[in-house]
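Hi,

Here is the structure I promised to pass on. My notes follow below it.

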Amino acid sequence: MVSYCWAQQEVVKRVHAALVRRGYAVWIDIEQMRGATVDAMAAAVESSAAVLLGVSRQYKESTNCRMEGQYAMQREVPLIPLLLEEGYRADGWLGMLMGTRLWYGFFGAVLSEESLFEGKVSEL
């Protein structure tokens, strides 16, 4: 599952497409969101082997993103932070959620150089 704020939708769609090309089944709202929003988000978290968090200032400010991230943590679903905003340092609830987890940066040269982008997706 990919949990992200729509402000970063373009980069998240690239990551999603790259993972799908590698054979992963990845839940993303723009393709799988059906019915009541909160019910669909909960079902996505519950059925996920891992949740990719699209970390940014906008993510932290989003109520739905907060629900997804916190629910994934409560359900003990592995969290994989994708830092989508160069220089952003998560604090508050999002900082606690990230803890000491290894994060993957998808900004700057990674977005403009395809080989760097593909290498970063391979690390995931």
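Which helices and strands do the buried residues of H5 pack against? They pack against strands S1 (2-3), S2 (51-55) and S3 (79-83), and against helices H3 (37-46), H4 (57-61) and H6 (92-98), with contact meaning heavy atoms within 4.5 Å. Helices (H or I, at least four residues) and strands (E, at least two) are DSSP runs, numbered from the N terminus.

Before you read on: this is a predicted model, where local features need pLDDT of at least 70, side-chain atom pairs count only at pLDDT 80 or more, and totals for chains, interfaces and linings use all residues. Residues are numbered from 1 along each chain as its sequence is written, and side-chain values use heavy atoms, with hydrogens and water left out.

Back to H5. Cys65, Glu68, Gly69 and Ala72 are buried there (under 20% relative accessible area, with exposed over 50% and partly exposed in between, for a 1.4 Å probe and protein chains only). Seen down the axis of H5, the buried residues fall within an arc of 90 degrees, so they line one face of the helix; the arc is taken from the directions from the helix axis to the C-beta atoms. Exposed Thr63 and Gln74 sit on the face turned away from the buried side.

Next, the rings of Phe, Tyr and Trp (its six-membered ring), which pair if their centres lie within 6.5 Å, as stacked (planes under 30 degrees apart), edge-to-face (over 60) or tilted (the rest). That rule gives 2 aromatic pairs. Tyr59 and Trp93 have ring centres 6.1 Å apart and planes at 35 degrees, so this pair is tilted. Both Tyr59 and Trp93 are buried.

Best wishes
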